[in-house]
Amino acid sequence: MTTWLLLAAAVLSEVTATLSLRGALDRPALYVVVVVGYVLTFALLAQVLRRGMGLGVAYGLWGAIGVVLTAGASAVLFGESLGALKISGILLIAAGVAVVELGSQRARRAEAATAADAGAGERPHGGPGPVPVAAADTAEIPVEEWLAGATAYGSRGEVELLRELEIHAIPDESEDEHEGKEA
């Protein structure tokens, strides 16, 4: 729910900045609102993406809703026309975003079904995230595959923690290096 509120705030910030850009032609002080609005917009959009929303969905919704709101508000505030052709274009944009969102939902359901069919990746004691299950002929699962499973089953914070641990892990010393330190 928070992700959707952040996306809504990003859209409103972008619309405000864009309308202020038009208004700044007559009132230059509004350029401050433009800069702050766009910086806030991208900061909020980055938070939406960090929380796991797909880029295509987030950007599509952000852009389409922004176009619709900006066109409507500019008609009201600045007397710009909203003819049949412009309204048709806005409807086509909205329909395109709806198709992208439906495709994204379908892909998430398919991934969840595939993971459920595989039967692997569930913790026997009910803990968060998947348990990597090695194939019969391999000793370990690749880290990327395990992290992909963790993203599907665990929280995003767990995956980020695992990546941090991997980045800051102390490399194993070879026996030669170890012997050299003792001498």
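Accessible areas here come from the Shrake-Rupley method with a 1.4 Å probe, and for residues only the protein chains shown count as cover. On that basis the protein chain exposes about 12,600 Å², of which carbon and sulfur atoms supply 65%.

The model is predicted: local features need pLDDT of at least 70, side-chain atom pairs count only at pLDDT 80 or more, and totals for chains, interfaces and linings use all residues. Residues are numbered from 1 along each chain as its sequence is written, and side-chain values use heavy atoms, with hydrogens and water left out.

**Whole chain.** Show the protein chain as a cartoon. Of the 183 residues, 24% are buried. Buried means under 20% relative accessible area, exposed over 50%, and partly exposed in between (1.4 Å probe, protein chains only).

**Helix α1.** Select residues 2-23. α1 has 22 residues and reaches 31 Å from its first C-alpha to its last, close to the 32 Å expected at 1.5 Å a residue; the expected span is 1.5 Å times one less than the number of residues. Its buried residues include T3, L6, L7, A10 and V11. α2 and α3 are among what covers the buried residues of α1.

**The core.** Next select L7, L45, V48, M53, A58, L61 and W62, which have the most contacts inside the largest nonpolar core, a set of 16 residues. Such a core consists of buried Ala, Val, Leu, Ile, Met, Phe, Trp, Tyr and Cys residues joined through side-chain atoms within 4.5 Å. α1, α2 (31-50) and α3 each supply at least two residues of this core, and α1 gives the most, with six.

**L61.** Center on L61. Leaving out residues up to four places away in sequence, L61 touches W4, L7, V11, G66, V97 and E101; contact means heavy atoms within 4.5 Å.

**Helix α3.** Select residues 55-78 and find I65. I65 is partly exposed, because its relative accessible area is 39%. T70 is also in α3, but T70 counts as buried because its relative accessible area is 17%. Apart from neighbours within four places in sequence, T70 is in contact with V15, T18 and L19.

**Surface patch.** Finally, select L12, I65 and L69, which make a nonpolar surface patch of about 250 Å².

Terms used. Patches are made of residues with over 30% relative accessible area and no salt bridge: like charges are joined within 9 Å, nonpolar side chains (Val, Leu, Ile, Met, Phe, Trp, Tyr) within 5 Å. A salt bridge is a side-chain nitrogen of Lys or Arg within 4 Å of a carboxyl oxygen of Asp or Glu. Helices (H or I, at least four residues) and strands (E, at least two) are DSSP runs, numbered from the N terminus.
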